[in-house]
Amino acid sequence: MSTRTNYTIFESPRLQILSEDQKERIFNGMMRTLQYTGAHVHHEEARKLFKDAGCRVDGIKVFFPPEVILKALSTVPPVTEIFPWDGTTEKKIVVEKNRSYFGPGPTPPNFIDPDTLERRKYLRKDATTVARVCDALPNIGFVQSLGSISDVTNGLADVYEFADMVRNTTTPVMSWSFTREGCRDIHRMAVAMAGGEEEFRQRPNYIFYGEPISPLVSDFHAIDKCMYCAEERIPQVYSPCAIGGGTVPATHAGQLVVALSESMVGVIAAQLINPGTCVIIGGVQSILDMRYSVYSYGAPELSLLSAALTEVVQYCGLPMYSQSGCTDTKKMDMQSAMEASLSINAAMMSGANFVHDNGYTESGLTGDIFQTVMDDELISMARVIERSFDVNRETLSVDVIDSVGPGGHYLYEDHTMKWFRAYWMPTLMDRNGYEGWVDEGKKTMKDRIIEKTRDLIQNHEGPRSKVPAAADSEIENILKEAEERVRKSENK
Amino acid sequence: MTNDLGKISDSLIKGNVDELKELVQQSLDADAPPADLLNKGLLPGMEAVGRKWKEGEMFMPEVLRCAKAMSGAMEILRPRLAKEDLGSAGKMVIGTVAGDLHDIGKDLAAMMFEGAGYEVINIGIDQPNESFIKAAIEHKPTLLGMSALLTTTMPRMGEVINSLKEAGIRDKMAVIIGGAPVTKEFADEIGADIYAPNAGTAVELAKEYYQSKV
């Protein structure tokens with residue numbers, strides 16, 4: 001028995017787009033942009049915060065000197081944990097470098113109706129559907145609603161969405177809101193689910209999503225919500241939708257410079273308010289289709305840009321909000337599967353933390369839970385590649401090879417018994433023989449996706465019955481108060 | 001003269017903003033009839049651009065560049081044109097509704113309409129409902145354009161249309177709306193006349209609408 005000296009292993013394969021020098025150059029591009037071009041901040045209090053920290057402020061424009069940026073980056077946490085509200089640990093999220101979780105996305109106006117398969121407005125009941133289905137999908141690590149509820153009081157879609165979703169899944173929810181008030185309502189619900197404010201601080205159970213406007217604009221509500229989350233130490237995303245050739249330069253390096261700069265404004269605000277609070281950056285990175293003026297969600301550039309930005313964001317020491325599993329197609333078809341396969345694999349290999357938009361169709365305008373179900377399978381396939389395999393004495397199998405010898409087979413060897421179950425097993429992909437496939441009704445992938453999705457909608461038990469009674473009634477109270485608030489402000 | 005008009009068309013198609021201005025100015029200095037510069041130089045140029053775009057020969061940034069060139073040329077030409085020469089296209093007031101800071105889609109649409117010969121009054125982003133009404137009363141446009149990118153600000157569009165009715169000027173103009181979350185159904189719901197799914201097709205759709213009214 002001997003050991004191998006100076007032996008190196010790769011735990012997983014990797015996708016690398018940029019060299020250290022290139023990352024540094026993009027990082028410095030961000031520093032130059034924030035220092036000399038500046039960013040618009042439509043929030044007096046935020047501008048004061050920046051000014052007091054050493055930034056130059058001219059009207060609504062804020063210029064950030066390097067020392068302010070570097071100081072903010074020095075206090076971002078290297079690791080943050082997000083806990084399922086039911087106290088279990090299987091669905092716990094660890095936000096740290098190269099650990100990927102996949103989920104749907106927020107707020108498209110439309111939804112593919114699970115019964116008719118037709119596109120229609122997103123309704124309140126859909127939030128529950130998405131939460132329940134995602135709760136059951138093993139490769140979905142965080143949940144967003146895939147829509148913006150159209151059939152509740154105007155301005156309360158955010159609050160109803162969270163109320164319904166958090167009670168229908170233990171997978172951590174990523175919420176969004178219109179304003180600070182919605183943010184506060186949602187936070188109170190999360191605190192109720194955690195069992196108290198101190199409990200929430202110890203074990204945060206959701207993530208908040210906010211978005212500045214590209215190029216280089218933090219509107220009032222975006223930065224206001226960012227500040228609120230920092231105050232309450234809610235893990236938050238602050239990331240733009242950067243539109244290549246539209247809101248940002250048509251060159252990929254230029255796009256990353258602007259996108260990084262936009263996010264950095266939120267990072268700085270959050271770290272000034274509450275050093276150590278978790279801010280996730282990145283955002284949707286893709287190009288404008290110059291034929292149809294559509295922001296493409298299926299473009300290969302989306303994958304390239306996102307993977308490259310993941311590297312730059314890691315260079316900053318921050319977690320990355322990336323995307324995959326989305327498509328420009330209008331109906332579940334070959335295009336949706338092709339685009340999702342490519343982007344999911346690239347996102348997986350890039351090591352981004354929160355990979356959203358799994359279930360976005362029609363270039364982000366329609367949520368489709370069937371797409372999410374398909375993506376779940378693709379994610380599990382990509383994980384096989386990401387997990388790679390061990391090369392050691394046991395797996396090298398030289399002794400077994402010797403004992404079976406030429407011309408034998410391995411089917412019932414102890415070694416095979418021990419290892420074959422590590423093979424990936426499809427839940428949707430068809431590997432049946434021709435006759436078997438005919439016997440089972442000649443089902444296509446589309447048939448199987450619909451069947452699986454509808455089965456989950458109908459039969460997945462979900463955690464709804466386990467929601468503590470006190471939290472449940474508190475959430476109903478918060479909804480009532482929110483309605484009251486809107487009524488009062490309308491009467492004014 | 002014909003040669004100059006050809007040059008004007010070409011310069012427009014190439015999107016040469018400064019060169020086109022110079023060419024138009026030179027032609028005016030040489031006493032070319034302003035209406036000819038518009039009808040036989042600029043408009044045929046824009047028509048060619050529209051055709052090339054439809055056929056996939058030109059792309060959005062190039063078309064916008066041409067629209068920008070057109071707009072620059074019109075700045076010089078407009079004061080020299082008689083009222084009847086301008087009549088064909090019309091006048092537009094356009095803006096992004098209150099609470100919404102998104103201006104790119106709206107600016108693209110504004111530019112496309114300018115390119116098509118419209119006189120465009122762009123009132124900007126985050127405009128309260130009253131600003132639209134005020135601008136509509138002041139400028140008497142034939143077309144009122146509204147844009148929103150947020151589902152929360154979309155309802156403002158319906159409110160503006162109601163205010164136009166209250167002010168008794170709703171029938172004086174067509175209302176066109178657009179923005180990523182805006183749909184045909186929503187446009188019908190709030191009583192807008194034209195729904196533009198994107199900036200590129202807006203001019204064409206407006207044209208179709210006016211033709212259907214004739």
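This is a predicted model: local features need pLDDT of at least 70, side-chain atom pairs count only at pLDDT 80 or more; totals for chains, interfaces and linings use all residues.
In chain A, β13 runs parallel to strand β15, residues 284–289, and four bridges hold the pairing.

Within it, A:C241 has A:V284 of β15(A) as its bridge partner. Helix α9 of chain A, residues 252–273, packs on the sheet and touches both β13 and β15 of chain A. The direction of α9 makes about 160 degrees with that of β13(A). Helix α10 of chain A, residues 300–315, also packs on the sheet, touching β13 and β15 of chain A, at about 150 degrees to the direction of β15(A).

The sheet as a whole is open and has three strands, in the order β13-β15-β16 of chain A, with mixed pairing. Its edges are β13, residues 241–244, and β16, residues 294–295, of chain A; each has a single partner strand, so one side of each lacks a neighbour in the sheet.

I turn now to helix α2 of chain A, residues 44–52. Which of its residues are buried? They are A:A46, A:R47 and A:F50. These residues span an arc of only 100 degrees around the axis, and therefore lie on the same side of α2(A). As a general point, an α-helix has 3.6 residues a turn, so residues three or four places apart point the same way. The other side of α2(A) carries the exposed residues A:E44, A:K48, A:K51 and A:D52. Among the elements covering the buried residues are β1, β2, β3, α8 and α9 of chain A. Just after the helix α2(A), A:G54 adopts a positive phi of about 115 degrees.

Chain B has an open sheet of five strands, ordered β2-β1-β3-β4-β5, with parallel pairing. At its edges stand β2, residues 119–127, and β5, residues 194–196, of chain B; each has a single partner strand, so one side of each is without a neighbour in the sheet. On average, neighbouring strands are turned by 20 degrees against each other, direction ignored. Strands β3 and β4 of chain B run parallel and are joined by five bridges, with B:S147 opposite B:G178 in β4(B). Helix α10(B) packs on this sheet, touching β3, β4 and β5 of chain B.

Finally, the contact between the chains. Here 15 residues of chain B are in contact with 16 residues of chain A. On the chain B side, the elements giving two or more residues are α4, residues 60–77, and α10, residues 199–213. By class, that side has nine nonpolar, six polar and no charged residues.

Definitions and conventions. Residues are numbered from 1 along each chain as its sequence is written. Chains are lettered from A and ligands numbered from 1 in the order in which they are written. Two strands pair if DSSP finds at least two bridges between them. Two residues are in contact if their C-beta atoms, placed from the backbone, lie within 7 Å. Axes are lines fitted to C-alpha atoms, for helices over the stretch in contact, and angles run from 0 to 180 degrees between N-to-C directions. Ala, Val, Leu, Ile, Met, Phe, Trp, Tyr, Cys and Pro count as nonpolar, Asp, Glu, Lys and Arg as charged, and the others, Gly among them, as polar. A residue is buried if 20 or more other C-beta atoms lie within 10 Å of its own, exposed if 12 or fewer, and partly exposed in between; C-beta atoms are placed from the backbone. The arc is that of the directions from the helix axis to the C-beta atoms.
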